[in-house]
Amino acid sequence: LGFDVSFSGIVTFKSSASIQDVARWAPLDRILVETDSPYLAPVPLRGKPCEPAFVVHTARRVAELRNMPFEALCEATSENAERRFGRRFSSG
């Protein structure tokens, strides 16, 4: 259908089994990762105000769930974001 699936810090929560299941099988070319600033900080930062830099924890968890290298997930999600938003993003 042409839609993307975006995972926030919620995917790192123990109680999010159904979201984690989706993270395992969603097509890699349709996955995005995000933060829910200022709320819903990912594990291990639960209870703190969330900020964009925390997205690394979300990406690590999605990569772990998919049994793939973190760097490969980062590359894929960056390409997906560039496709979706029609612009190039820098990593620095």
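Tutor: Directly after helix α3, G86 adopts a positive phi of about 65 degrees. Helices (DSSP runs of H or I, at least four residues) and strands (runs of E, at least two) are numbered from the N terminus. The model is a predicted one, in which local features need pLDDT of at least 70 and side-chain atom pairs count only at pLDDT 80 or more, while totals for chains, interfaces and linings use all residues. Residues are numbered from 1 along each chain as its sequence is written, and side-chain values use heavy atoms, with hydrogens and water left out.

The helix itself, α3, covers residues 70–85, which is 16 residues. From its first C-alpha to its last it reaches 22 Å, close to the 22 Å expected at 1.5 Å a residue; the expected span is 1.5 Å times one less than the number of residues. Its buried residues are F70, L73, A76, T77, N80, A81 and E82. Here buried means under 20% relative accessible area, exposed means over 50%, and partly exposed lies in between (1.4 Å probe, protein chains only). An α-helix has 3.6 residues a turn, so residues three or four places apart point the same way. The buried residues of α3 pack against β2 (31–33) and α2 (55–66).

The largest nonpolar core has 12 residues in all: F7, V11, A23, A26, I31, A59, V62, A63, L65, M68, F70 and L73. Such a core is a set of buried Ala, Val, Leu, Ile, Met, Phe, Trp, Tyr and Cys residues joined through side-chain atoms within 4.5 Å. The elements that contribute two or more residues to the core are α2 and α3, and α2 supplies the largest share, four residues.

Q20 shows the surroundings of another helix. This residue is found in helix α1 and counts as buried, at 9% relative accessibility. Not counting residues up to four places away in sequence, Q20 touches V11, T12, F13, R61 and L65.

D4 may be read next. It lies in the segment before β1 (5–7) and is buried, with a relative accessible area of 17%. Its side chain makes polar contacts with the side chains of R30, at 3.4 Å, and R83, at 3.3 Å. A polar contact is a pair of N or O atoms within 3.5 Å; within protein, one must be able to donate a hydrogen and the other to accept it, and residues adjacent in sequence count only if both atoms are side-chain atoms. Beyond residues up to four places away in sequence, D4 touches D29, R30, L32, R83 and R84.

Most residues other than glycine have a negative phi, and most peptide bonds are trans. L40, which is not a glycine, has a positive phi of about 60 degrees; it lies in the loop between β2 and α2 and is partly exposed, at 38% relative accessibility. P44 belongs to the loop between β2 and α2 as well, and a cis peptide bond, with omega about 20 degrees, joins V43 to P44. N67, also not a glycine, has a positive phi of about 55 degrees. This residue sits in the loop between α2 and α3 and is exposed, with a relative accessible area of 74%.

Turning to the cysteines, the structure holds zero disulfides, a disulfide being a pair of cysteine sulfur atoms within 2.5 Å. The sulfur of C50 is 16 Å from the closest cysteine sulfur, in C74, and this is too far for a bond. C50 is buried at 7% relative accessible area, whereas C74 is partly exposed at 26%.

Finally, the mean pLDDT of the protein chain is 92, and 97% of its residues reach 70 or more; pLDDT is the predictor's confidence in each residue, from 0 to 100. Confidence is lowest in α3, at a mean of 95, and highest in helix α1 (residues 17–25), at 98.

Conventions:
Contact means heavy atoms within 4.5 Å.
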